[in-house]
Amino acid sequence: MKIKLIARISLALLKARLKQTMVAAFGVTFSITMFIALLSFMGGLNDMLDSLILNRTPHIKLYNEILPSPIQPIAKSKAYNGAYHFVGHIKPKNELLDIRNSEAIIEALTHDSNVRGVAPKTTVPVFYNVGSINLTGVVDGIDVDAENRLFTFQDYVVEGNTIDLKNTPNSIILGIGAARKMLVQIGDKIQITTSAGIRFPLKVVGFFQSGIDEVDKVQSYTTLSTTQKILGKPNSYVTDIQIKLFDMTVAPSLAKRYHNLFETEAIDIQTANAQFETGSSVRTLISYAVGITLLIVAGFGIYNILNMMIYEKMDSIAILKATGFSGKDVNAIFLTIALTIGCIGGALGLIFGLGLSVLIGEIPFNTASLPTVKTYPINYDLKFYLIGAVFSVITTYLAGYFPSKKASRIDPVDIIRGK
Amino acid sequence: MKKKTVIEAINICKSFHDPITVKVLTNVSFSINTGEFVSIVGKSGCGKSTLLYILSTMDTSYEGDLLLDGTSMKNKRDAELAKVRNEKIGFVFQFHYLLNEFNNLQNVMLPALKFDKLSPEEIEHNAYEKLKILGIESEALKYPNQLSGGQKQRVAIARALINNPLIIMGDEPTGNLDKMSGDVVFNIFKELAEEYNQSLLIVTHDLDFAANTHRTITMEDGKIIGSEIGTATIEGKR
Ligand SMILES: Nc1ncnc2c1ncn2[C@@H]1O[C@H](COP(=O)(O)OP(=O)(O)OP(=O)(O)O)[C@@H](O)[C@H]1O
Ligand SMILES: [Mg+2]
C-alpha cells in the first residue's frame, strides 16, 4: 500500500514533467543502445579474431624440441658431485623429432576424460619446386577426420574437398598463397623436395586459406601416411600430438602433467598465444570504458532533471512533509522517479541495442583473409544485456541519490515561511 | 461534557541564531481542550507563525515541552513526528498548497492514504464526505488550478480534516481571501467546532474573526499577553 502510494505520487510528478523525463530517459536509452551495440560488435570482432587463431590452435600440443640435454653427463659423475660444472659449447642431443611411443600416448589421451579429441600431425619442412625455383614451405601430415572435427579444417579449404585428400593417394591441399605463386590448378601435379633431398610428386586436390597471408604462402596439407611415406618413416612417426580439451582453462596445468607423464614438450594455448588474450582484453576494456562513459553522461541528465523537478516541486514536498510524509518517503518518491527513468530508458536501450546489433550484423563484410565471414560479426552474449541493465539501474540510482537526499532534507517550515 | 486537553505548550522558548541571536518566543504556555476554537492575534512579527510551526511539530528546535494528546513531542524522531502530523494534526496555511498533479478529491485523500488505516474505497467515501461538509463536493474531480482561491482553501481544509485530527491549526487561512470567502471559511471552522467538536487553533489578523472564536490569545514580542473569552463562548453559554 505504502509502495503503491509512493509509486502513484512519483508517477504524477513524472507525468507533470513528461517532456523532460522523456529526454532524460532517452539519454539512458541512447547510452544503453550504444553500450550494447558496441560491446556486441567488439565481442563479435574479438571472437572472430580469436577464432582465427583459436580454431586452428590445439589447446595443448605435445612435441619434441631439439634441445641440449638438461642433465649433462658430468653431473652424473660421482667424482665431481657437489662441484659447480663449467661446460662450454654444449650441443643438442642427436635425437629424432618424432614423439616416442606416440601410439600409446594417443591411446592414453583418448581415454582421458578432459580430452575432447586428439589429432596427430607430422610436420615436414619442404621446398616446392617450380621449374628451377624452389619455394620454402611446410607440409603438415594430418588425420583429415580428426582435423575436420577439432579444427574445422574444411572451413578453410576454399577450393576442393578435404575428402579428396583422404581418398586420393599422394595428394596435397596447397596454401592459396603458395598455389598462386606456383600457378597451379586443382588436378595439377607438383614436386616437392625434403630437407634430406628426396623428391616427391603430389597431386593438388584443394586450396587452403587460413586468413593469415604469411601462413598461406608456405603451409600445405597432406595425410599423415603421405608424410610418413615422403620421409620414409614407419606408421608411428608423429611429430606433434594436438589435443583439444573440453575446458580450455585447465590447459596450462594439464600441459605440465602431460609433460612429465609422456616425457615430451607440452605447450598450452594460453602460453602460446598470450598476445591474443591481451589484444582481446584491451579491446573489451575500451568498449566498456566508452559504454560506461556514455552511461555516466546519461546519469548527469537524470541528475539534472531531478534537481530541476525538486526545485519546482518545493511546495509539494513541503506540503507532503507537513501532512505526514517523512523524509524517507520523500526520498523514496524521488528515487522511484529516477529509477523509473532508468528502467524504462534502460529497457528501451536493451531493445534498441539488440536492434542495432542485428542491423550491424547485416552489413556485408567481405575480406579475402576471412573466407567464412560474410557480414560484420556480432556476439549476442546475454552477459552484455545483463551488464547494461545492471549499470543503467546503478547509474540512475546514483544520479537520483543526491537529489533525493536533498529533497528529503527540505524543511517545510522554510518553504512555507517563504510564501 | 468532559473537556480533554488535546494540546499543551509548556514554557516554549525559541531563538533564531542567524546572524545574531534573537529570542522570538519567551515562555509560551497554554493549552487547548477538545472542541475549543482558539484564535491567536498579535502584531506582525510577534512570533505567531513561529509558534504554530513548533506546535505542528514541523519545527523541532525549541526549548520547553509540547504535549499532544498527553504525549511529549520532545526527542521524537523525524519519522515519528511525521506520523503524528499525519494522524493528529490538520494544517491549513495562508496559501493552499494543493498538488496540481492530483485532482481535488485525490488531494484530500493523500494524507489518509499515507495513514493507511482504511481501504482506498472508504478513504474516497470519507473524502467526499469532507468535501460535502465544505460544500464543494461538486468540484471533487476538478484540478486545483480550476478552482477559485476560496474553493482551493476549502479543499485544503477538507484535506486537513481527512484523518479526523485532534486539532486543526491554521496560519492566516483567510489571509488571502476576500471578505466573503473569508466569512465562508470562518463559518466552516465554527461549524466544525460546534457540530463536530473539532479543536481549532487559528492565527489571524482579522480581529472580527478572532472575536467570534471561543478564546483569543494575544501575543506581543514572543509572549502571551492576554487571553480573552470570545463572543462565541458567551453566545454558546446563553
Ligand atoms: N529563519 C529566521 N531567521 C531569523 N529570524 C526569523 C526567522 N524566521 C522568523 N524570524 C523572526 O522571528 C520573528 C517572528 O516571526 P513570525 O513569522 O513568527 O511572525 P508572525 O507573528 O507570524 O508575523 P506575521 O503576522 O507577519 O506573519 C520575526 O521578527 C522574524 O523576523
Ligand atoms: Mg506569520
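## Salt bridges

A search of the whole predicted structure finds 16 salt bridges over all chains. A salt bridge here is a side-chain nitrogen of Lys or Arg within 4 Å of a carboxyl oxygen of Asp or Glu. Side chains of opposite charge can pair when their charged atoms come close.

One of these pairs joins Asp69(B) and Lys4(B), with the closest N and O atoms 3.4 Å apart. Asp69(B) lies in the loop between β4 and β5 (71–72) of chain B and Lys4(B) in the segment before β1 (5–16), so the pair ties together parts that are 65 residues apart in sequence. Helices (H or I, at least four residues) and strands (E, at least two) are DSSP runs, numbered from the N terminus. Asp69(B) is partly exposed, with a relative accessible area of 28%, and Lys4(B) is partly exposed at 42%. In these terms, buried means under 20% relative accessible area, exposed means over 50%, and partly exposed is in between (1.4 Å probe, protein chains only).

Lys88(B) is partly exposed, with a relative accessible area of 26%. Salt bridges that share partners join Lys4(B), Asp69(B) and Lys88(B) into one network.

Helix α2 of chain B also holds the pair Glu87(B) and Lys83(B), which are 4 residues apart and so separated by about one helical turn. Their salt bridge has its closest N and O atoms 2.8 Å apart.

## Asp59(B)

Asp59(B) is found in the loop between α1 (48–55) and β4 (63–68) of chain B. Asp59(B) is buried, with a relative accessible area of 9%. A polar atom of its side chain lies 3.1 Å from the backbone nitrogen of Ser61(B).

Leaving out residues up to four places away in sequence, Asp59(B) touches Val413(A), Lys14(B), Tyr53(B) and Ile54(B). Contact means heavy atoms within 4.5 Å.

## Cysteines

A disulfide is a covalent bond between the sulfur atoms of two cysteines. With the cut-off that the two sulfur atoms be within 2.5 Å, the count comes to 0 disulfides over all chains.

The sulfur of Cys46(B) is 15 Å from the closest cysteine sulfur, in Cys13(B), which is too far for a bond. Cys46(B) is buried, with a relative accessible area of 3%, whereas Cys343(A) is partly exposed at 41%.

## Surface and distance

Ile74(A), Tyr80(A), Val87(A) and Ile90(A) form a nonpolar patch on the surface, with about 340 Å² of accessible area together. Tyr80(A) lies in the loop between α3 (73–76) and α4 (102–110) of chain A, and is partly exposed, with a relative accessible area of 49%. Patches are made of residues with over 30% relative accessible area and no salt bridge: like charges are joined within 9 Å, and nonpolar side chains (Val, Leu, Ile, Met, Phe, Trp, Tyr) within 5 Å. Accessible areas come from the Shrake-Rupley method with a 1.4 Å probe; for residues, only the protein chains shown count as cover.

Val184(B) lies in helix α6 (residues 179–195) of chain B and is partly exposed, with a relative accessible area of 32%. Val184(B) and Ala79(B) are 105 residues apart in sequence and 35 Å apart in space, C-alpha to C-alpha.

## Basis of the values

Residues are numbered from 1 along each chain as its sequence is written, while chains are lettered from A and ligands numbered from 1 in the order in which they are written. This is a predicted model, in which local features need pLDDT of at least 70, side-chain atom pairs count only at pLDDT 80 or more, and totals for chains, interfaces and linings use all residues; side-chain values use heavy atoms, with hydrogens and water left out.

Definitions and conventions. Polar contact = N/O pair within 3.5 Å; in protein donor to acceptor, adjacent residues only side chain to side chain.
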